[in-house]
Amino acid sequence: MLRKLLRHELYATGKTLLPIYGITILLSLLNRLVTNIDIFNGPMEIIPAFMQIAYGISIVATIIVTVIIIVLRFYKNLMTDEGYLMFTLPVKAYQLINSKLISSIIWTIISVITVILSLLILLANPERLELLKESIDNIVYILKISFGENYVLLTIELGILLFISMIQQMLLIFVSIAVGHLFNGRKVLGSFAAYIGINTAVQIALTILMVIWSLIGGSSLEELGSIPQLLFPFTIIMGLTLSLLYYLVTNYIFSKKLNLE
Amino acid sequence: MSVILECKSLTKKFGSTAALMDLNLTLERGRIIGLLGPNGSGKTTLIKLINGLLVPNEGSLKINGIEPGVESKKIVSYLPERTYLPDWMKVSDTINFFKDFYADFDEKKAYEMLKHLNLDANKRLKALSKGTKEKVQLILVMSRNADLYCLDEPIGGVDPAARDYILNTIITNYNENACVIISTHLIADIENVLDEVIFIKEGHLKLHASVDEIREKEGKSIDSLFREVFRC
């Protein structure tokens, strides 16, 4: 059932997102073309200028629209009239959450790839690629000096951290919408309030944890060398814990406290 | 005849107000049952409980012996009292959607009914009127070979001619093994198709009897009995 849900989910969101990604790639191709041929003189100069603006907008839209579609889809498909359809399907509430989460992860990754690809299409030439390679080598070199053997660990941790943060942000949005729907008649307002409330509570809890950590004499988290061994693992575990918490609360509300208008 | 729905001391509260209070009800297969009551009497609450859209505070509810969940949703076909299909879908998309998720969905039947009502399967729901959307939903719901159909206000938004077609659809599209619950306050229109009626008022069960029984005992139509019981 999850596969069917996911397929419908990707179809419902892809019909908006894929054209946007396509336009971004197309505009970067056109811009590349326009910058390479110098035939726009006089009033015609407006064409490349216009193209550049359109390209800039499409890059921003790629990311922003992806986020907006993820949020709107979750809200509209589950918390409005469409919820009557989705919550009476012969599936578990967590399967609905899973399908939405997986589809959101897929689109976020595709949107990032789209932006990178489009920048490469627009800007890549042999010299610049050489420059890019040098910068990456440089970063690796600095990491090696700063962290010694731990730099591989650090890189892996950074990747995991980015991935977990993405999931954590999505589940935070999901749980806020689920909590918001309990405020009958003020669901959207309730969702925003829940988002801000949960965020604040987490920040306060983290600050308290930090204070306790320093009081019991734990090593300073600001020390550079402790990043791979302490700060990153801690952040990853926190991210996982919070994600799990958000997920369980969302699932609890959907299976026990559902109250569609 | 076997029991399809059994409610024992079923209670659902919203805050401090009880929408359903200590409801005991047993429904059997092979019947068309009218769930009747004024606005806010608890009709929709009962139907939502059957479909797992609400969870009871007390008591139990069993469909074919199982509590509402994945297994019960496979055998319950539900028509809510609102348009719940995504606007951007074509009629044919909605048919594929139902076919995908409900093993008991009969695609051929759905297309036959669409054809009969002159509905174009390639149209987007956005382009349809509210009444036409309701017809599409009813077609989807009645194209399932379910054990229990829950129709919440199925004739509220459509014209009298379509009303007749819909009622006819309901009578001809369910098998002897199934039970149909129709919630409405347009009693006169559906009186003739009903086998049993349930009256609920302010969350309490007022009456559960067969239509013939009522006509014999009381010597009046369901409509006039309703007006009497629920006189304001």
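**Exercise 1. Which element gives the most to the lining of the largest pocket?**

Before we start: this is a predicted model, where local features need pLDDT of at least 70, side-chain atom pairs count only at pLDDT 80 or more, and totals for chains, interfaces and linings use all residues. Residues are numbered from 1 along each chain as its sequence is written, chains are lettered from A in the order in which they are written, and side-chain values use heavy atoms, with hydrogens and water left out.

*Step 1.* On a 1 Å grid over the protein atoms alone, a pocket is an open set of points with protein on both sides within 12 Å along at least five of seven lines, while a cavity is a set where a 1.4 Å probe fits but cannot get out; lining residues have an atom within 4 Å of a point. A volume is the space filled by probe spheres set on the points, which are joined across faces, edges and corners.

*Step 2.* Look at the pocket: its volume is about 500 Å³. Among its 26 lining residues, Ser255(A), Gly52(B), Val55(B), Pro68(B) and Gly69(B) are the closest to the centre.

*Step 3.* Pick the element. With four residues, α8(A) gives the most. Helices (H or I, at least four residues) and strands (E, at least two) are DSSP runs, numbered from the N terminus.

**Exercise 2. Describe how chain B touches chain A.**

*Step 1.* Count the residues in contact (heavy atoms within 4.5 Å): 23 from chain B and 26 from chain A.

*Step 2.* Find the buried area, meaning the accessible area (1.4 Å probe) that two parts lose on being put together, summed over both. The two chains bury about 2500 Å², 65% of it on carbon and sulfur atoms. On the chain B side, Leu53(B), Trp88(B) and Phe101(B) lose the most, together 27% of what that side buries.

*Step 3.* Look for salt bridges (a side-chain nitrogen of Lys or Arg within 4 Å of a carboxyl oxygen of Asp or Glu). There are two between the chains, and Arg82(B) and Asp81(A) meet in a salt bridge at 2.7 Å, N to O.

**Exercise 3. Find the cavities of 30 Å³ or more.**

*Step 1.* The whole structure has two of them.

*Step 2.* The largest is about 60 Å³; its lining includes Glu9(A), Arg73(A) and Trp107(A). The top contributor here is α4(A), with four residues.
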